[in-house]
Structure formats: structure tokens, C-alpha cells
Amino acid sequence: MRLNSSQAAKIIEIVSNHAGGDSRVSVYGSRLDDTARGGDIDLFIETEAPMPRWEQARMLAALEDELGLPVDILVKCVHDPDTPFEAMAKSMAMTLSQAAP
């Protein structure tokens, strides 16, 4: 995975602050390919409760400001059924860790 420990820790901290400490953060997409270069950071975030769009936007801005990289987020409540895209992203994702405070 092309994220260093500092970047991973910042992602976990920011997601925990916005989505709650019981949320789970995973990385999917090109950042999992160690031979690739550049690209954005694709995050799959699972929450216990639905997350308002305005809070998702605030979290995305905080992630991009802190990391200095483009970030795409896919936010899903764990109690909702997966869309086909969510199921595909989840099948390829690598969990960073529980977003504990």
C-alpha cells in the first residue's frame, strides 16, 4: 500500500473526528498497487449511523487539506445493503484499522 504510517494515522484521526470512533476506514484503488505512481487516495468508510452529506464534505476537505493529495471517499452505513460498486470496492479494500480516537 502506498501510504506511510503518518498518512494512515492522519486518515484514521480525521475519519474518527468526523464519522465517529466506531467507523472503519479502508483503502481501495490505485494506492494498493505498490508499482503505481501518483493518483488519489480512495477511502471506503463504514459508519454505524448514516452520515450527513455536509459532514462528509467537511471530512473530505479535512483529509485533502491535511494530506495534500486528492481524496475520494465512499461513505456507507453498515446497516444499509451494499450497492454493486460498494461491494466491489469492499472486496478490493485493505482496512487501515478501526477509527478509534
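Predicted model: local features only at pLDDT ≥ 70, side-chain atom pairs only at ≥ 80, totals over all residues.
Trainee: In what order do the elements of the protein run from the N terminus on?

Mentor: Elements are DSSP runs numbered from the N terminus: helices are H or I with at least four residues, strands E with at least two. Here the order is α-β-β-α-β-α-β, with three helices and four strands.

Trainee: How many of the residues count as buried, as a percentage?

Mentor: Buried means under 20% relative accessible area, exposed over 50%, and partly exposed in between, with a 1.4 Å probe and protein chains only. Of the 101 residues, 40% are buried.

Trainee: Which residues of the largest nonpolar core touch the most other members?

Mentor: In soluble globular proteins, nonpolar side chains tend to be buried together. A nonpolar core is a set of buried Ala, Val, Leu, Ile, Met, Phe, Trp, Tyr and Cys residues joined through side-chain atoms within 4.5 Å. The largest one here has 19 residues, and I11, L43, I45, M59, L63 and L96 touch the most other members. Helix 1 (5–19) is among the elements that supply at least two residues each; helix 1 gives the most, with six.

Trainee: What is L63 in contact with?

Mentor: Contact means heavy atoms within 4.5 Å. Leaving aside neighbours within four places in sequence, L63 contacts I11, I14, L43, G68, V71 and I73.

Trainee: Is T47 buried or exposed?

Mentor: T47, in strand 2, is buried at 2% relative accessible area. A polar atom of the T47 side chain lies 2.7 Å from the backbone oxygen of A49. Beyond four places in sequence, T47 touches A19, S23, V75, K76, C77 and V78.

Trainee: Which residues form the aromatic pair?

Mentor: Rings of Phe, Tyr and Trp (its six-membered ring) pair if their centres lie within 6.5 Å; planes under 30 degrees apart are stacked, over 60 edge-to-face, and the rest tilted. The structure holds one such pair: Y28 and F85, edge-to-face, at 6.4 Å centre to centre and 75° between the planes. The pair links strand 1 (residues 24–28) to helix 3 (residues 84–92), with the two residues 57 apart. Y28 is buried at 8%, whereas F85 is partly exposed at 44%.

Technical notes: Residues numbered from 1 in each chain as written. Heavy atoms only, no water. Polar contact = N/O pair within 3.5 Å; in protein donor to acceptor, adjacent residues only side chain to side chain.
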